[in-house]
Amino acid sequence: MKRKSATEASQLTKKVAKYARKTKTVKKSQAKSPDTLKRKTSPYFLGKKDTRLGSSFFDQDCVKLAKDLLGKVLVRELDGERISGKIVETEAYLGTEDSACHSYQGHKSAKNKAMWMAPGSVYVYLIYGMYHCMNISSKGDGNAVLLRALEPIDGEELMQKFRSKGRKSSKALKDTALCSGPGKLTGALQITKKLFDKESLVTNSSLWIEDAPLLASEDIISCPRIGVDYATKGWKEKPLRHYVLGNRNISKRDKEAEKM
C-alpha cells in the first residue's frame, strides 16, 4: 500500500475537520425547543414569525395583565381555519381577597382549579347553564382576568355561523355584536369548558394569544365590573373593568368613567 505524503495527509486531515464542523452546524440548526415541537401541530407556526405570547407575559400582576391584554389578539384554530379578534375589554379578579372572585377566601374546587394553576392557564366556566366565560390565570393565588369583548379580525363568517345557532332571527348580526360580551366571544370562537378549561395559552395548539403594541394609558378606561352585585361593598365599585376608549365592540360604555 502506497504511503501518503505529509502534504496529502495534512489535506486529508483538514477535509475531515471541515466535514465534522459542517455536520455539527447542521445538527445544531435542526434542534427544536420543546415549545416549538408542541406548536408544530398548528400550521400558523410554520414558515412565519411566531408572535405568540409566552409564560412571562401572563406571570404579572392581575390588574396590569388585564390592561396589557387590551389590543392583543386572541386566536382560535378550528379545522384548519383561523378565527381571531383583538381583545378590547377585560375584568380583573383579585383572588382570595376579592369577594366577587370564585377563589374568594381561598376557595378551591375541581371547577376553579385553573385559577390556581400557572399563569396563562385557561379557566372556563358556565353562567346560566349555557354561556361559557373565558378567564386567564395571572400572578397571585386564585387571580384571573376575564375576557369580556373582542373586535373581530379573522373568520367573521364562521363567527356569524356559530353565533346564529339557537337564535330565532335569521338576520345577520352586526360585526360589532359578534363578540361584545363574555358569552358572545366564546360562542363566536367555540371556546368551551370541555375543550379548554385548565389548558395553557402558552402551549395549546388550538387557542393562543398573539402580541401587539401596548396601548397608551389615555386610551384605556377603568371602571367598576359588570354583574358583581353579590360582592361586598367596596369590591363592587372598584375600577377593575378595563376597555379600549371609543371601541364599538365592547359590551357597555361607562360614560362617567370616560369623563374623568
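Which residue in E5 is the bridge partner of Ser-84? Select Ser-84 and then Asp-154, for Asp-154 is that partner in E5, where helices (H or I, at least four residues) and strands (E, at least two) are DSSP runs numbered from the N terminus. This is a predicted model, in which local features need pLDDT of at least 70 and side-chain atom pairs count only at pLDDT 80 or more, while totals for chains, interfaces and linings use all residues. Residues are numbered from 1 along each chain as its sequence is written, and side-chain values use heavy atoms, with hydrogens and water left out.

**Confidence**

Colour the chain by pLDDT, the predictor's confidence in each residue, from 0 to 100; the chain average is 87, and 81% of the residues score at least 70. Now select residues 22-41, over which pLDDT stays under 50 and for which the model has 11 contacts beyond four places in sequence, a contact being heavy atoms within 4.5 Å. Where pLDDT is low, the predicted coordinates should not be read in detail.

Select residues 143-154, which form strand E5; nine of its 12 residues are buried, so the strand is largely enclosed by the rest of the structure. Here buried means under 20% relative accessible area, exposed over 50%, and partly exposed in between, with a 1.4 Å probe and protein chains only.

**The nonpolar core**

Select Phe-58, Leu-69, Leu-74, Met-134, Leu-189 and Ile-209, the residues with the most contacts inside the largest nonpolar core, which has 58 residues. Such a core is a set of buried Ala, Val, Leu, Ile, Met, Phe, Trp, Tyr and Cys residues joined through side-chain atoms within 4.5 Å. Centre the view on Phe-58, which, not counting residues up to four places away in sequence, touches residues including Leu-69, Ile-136, Ser-137 and Ile-209.

**Ile-191**

Move to the loop between helix H6 (182-189) and helix H7 (193-196), where Ile-191 lies; at 1% relative accessibility, Ile-191 counts as buried. Leaving aside neighbours within four places in sequence, Ile-191 has contacts that include Leu-74, His-132, Met-134 and Leu-207. Its C-alpha atom is separated by 8.5 Å from that of Cys-133, 58 residues apart along the chain.

**Salt bridges**

A search of the whole structure finds 13 salt bridges, each a side-chain nitrogen of Lys or Arg within 4 Å of a carboxyl oxygen of Asp or Glu. Select Asp-68 and Lys-64, whose closest N and O atoms are 2.7 Å apart; both lie in helix H4 (residues 62-68), four residues apart, about one turn of the helix. Asp-68 is buried, with a relative accessible area of 12%, whereas Lys-64 is partly exposed at 44%.

Next, select Arg-253 and Glu-258, whose side chains meet in a salt bridge of 2.7 Å, N to O; Arg-253 is partly exposed, with a relative accessible area of 48%, and Glu-258 is partly exposed at 22%. Finish with Glu-256 and Lys-259, which meet in a salt bridge of 3.5 Å, N to O, and are both exposed.

Notes:
Pairing = 2+ DSSP bridges.
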